[in-house]
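I opened this notebook to keep track of what I looked up in one structure. The entries follow the order in which I went through it.

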Amino acid sequence: MDIFQAIEQRRAVKHYQANTKMPEADYQALMSAVLLSPTSYNIQHWRFVRVTEVEQRENLKAAAWGQAQVSEAAELFVLCADVDAWNDRPERYVANSPKETQDMLLPMMYGFYNKKEQIQRDEAMRSCGIAAQTMMLAAKGLGYDSCPMVGFDREKVAELIQLPKGHVIAMMIAIGHAEKAAYPRAGQLPLSDVLVENHF
Ligand SMILES: Cc1cc2nc3c(=O)[nH]c(=O)nc-3n(C[C@H](O)[C@H](O)[C@H](O)COP(=O)(O)O)c2cc1C
């Protein structure tokens with residue numbers, strides 16, 4: 001599918017054909033694409049929880065105020081991030097770079113994030129947001145629909161997925177085949193409302 005078709009056809013779908021599974025080849029293609037998403041300093045903060053157990057789906061659905069897509073969709077991911085990833089064996093993020101690039105980037109990364117908690121968290125969330133969009137567009141390209149979600153009790157979900165210390169939850173994403181089409185678009189703001197040139 002052409003990238004512009006995927007962008008236009010991706011919609012937040014709330015009702016899915018239940019009891020369907022994503023074939024392993026599609027799952028692998030999806031996740032391989034997601035892992036190619038860009039991150040600052042190549043930190044790859046994302047940590048994905050793939051929810052495969054029916055009971056865990058039901059518990060998460062209850063924590064998401066009964067949203068049907070949590071249990072109906074073929075796949076459900078909780079997108080989390082390791083906020084401290086910038087300082088966890090950072091040489092992993094430049095493993096294939098030339099030595100002089102490593103020697104330049106590693107201290108630069110340390111200085112950029114060290115003692116800057118707001119920036120550390122912003123960066124982790126940015127990484128997940130970009131991964132989320134890759135996931136939804138790749139899903140569309142593979143013939144699936146999706147729904148991003150933050151409509152859930154974060155503390156309850158953190159407890160259910162046993163979120164480790166230093167991690168945050170960015171969102172959930174449901175992926176599957178639509179049972180009902182998305183509602184008509186609610187109304188996109190015109191470009192003139194959201195774009196300025198050079199400065200505000
Ligand atoms: C971060 C985020 C969280 C969202 N949370 C929910 C949610 O909890 N439940 C839901 O039904 N839709 C949720 N949505 C879907 C939005 O309502 C939807 O993307 C928006 O209305 C635009 O519609 P479209 O995605 O079909 O173009 C969420 C979207 C985003 C990006």
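Entry 1, terms and source. I took helices (H or I, at least four residues) and strands (E, at least two) as DSSP runs, numbered from the N terminus. The model is predicted, so I kept to its limits: local features need pLDDT of at least 70, side-chain atom pairs count only at pLDDT 80 or more, and totals for chains, interfaces and linings use all residues. Residues are numbered from 1 along each chain as its sequence is written, and side-chain values use heavy atoms, with hydrogens and water left out.

I looked up where Gln-120 sits and found it in helix α6 (residues 117-141). Gln-120 has a relative accessible area of 8%, so it is buried. What does the side chain of Gln-120 reach? It reaches the backbone oxygen of Tyr-113, at 2.8 Å. I read this as a polar contact, that is, a pair of N or O atoms within 3.5 Å; within protein, one must be able to donate a hydrogen and the other to accept it, and residues adjacent in sequence count only if both atoms are side-chain atoms.

I counted 8 helices and 6 strands in the chain. Read from the N terminus on, the elements run α-β-α-β-α-α-β-α-α-β-α-β-β-α. The C-alpha trace spans about 55 × 45 × 35 Å along its principal axes. Of the 200 residues in the chain, 37% are buried.

I checked the UniProt record, an unreviewed entry, and it carries the annotation "domain: Nitroreductase" over residues 7-177. UniProt positions are given in the numbering used here, feature names are shortened, and annotations may be inferred rather than shown by experiment. Over residues 7-177 I noted 44% helix and 18% strand, with the end C-alpha atoms 17 Å apart.

Which residues are around the ligand? I listed Arg-10, Arg-11, Ala-12, Lys-14, Gln-67, Gln-69, Cys-147, Pro-148, Met-149, Val-150, Gly-151 and Arg-185. A residue counts as near a molecule or strand if one of its heavy atoms lies within 4 Å of it. I sorted this shell into 5 nonpolar, 3 polar and 4 charged residues. In that sorting Ala, Val, Leu, Ile, Met, Phe, Trp, Tyr, Cys and Pro count as nonpolar, Asp, Glu, Lys and Arg as charged, and the others, Gly among them, as polar. Strand β4 (residues 145-149) gives the largest share of the shell, 3 residues.

I then went through the ligand's N and O atoms. A ligand nitrogen is 3.1 Å from a polar backbone atom of Pro-148. A ligand nitrogen is also 3.0 Å from a polar backbone atom of Val-150. A ligand oxygen is 3.2 Å from an N or O atom in the side chain of Arg-185. The protein covers 63% of the 620 Å² of accessible area that the ligand has on its own. Accessible areas come from the Shrake-Rupley method with a 1.4 Å probe; for residues, only the protein chains shown count as cover.

How many disulfides does the structure hold? I found 0, taking a disulfide as a pair of cysteine sulfur atoms within 2.5 Å. The sulfur of Cys-80 has its closest cysteine sulfur in Cys-128, 7.3 Å away, which is too far for a bond. Cys-147 is in no disulfide either, and its nearest cysteine sulfur, that of Cys-128, is 17 Å away. Cys-80 is buried, at 2% relative accessible area. Cys-147 is buried, with a value of 2%.

I looked at Tyr-41, in the loop between α2 (24-34) and β2 (46-50). Its phi is near 55°, a positive value in a residue other than glycine. Asn-42 lies in the loop between α2 and β2 and has a positive phi of about 60°, although it is not a glycine. Is each residue buried or partly exposed? Tyr-41 is buried at 19% relative accessible area, and Asn-42 counts as partly exposed at 35%.

Met-104 lies in helix α5 (residues 99-113) and is partly exposed at 45% relative accessibility. Ile-161, in helix α7 (residues 154-161), is buried at 14% relative accessibility. The C-alpha atoms of Ile-161 and Val-78 are separated by 8.6 Å, and the two are 83 residues apart along the chain.

Definitions and conventions: Buried means under 20% relative accessible area, exposed over 50%, partly exposed in between (1.4 Å probe, protein chains only).
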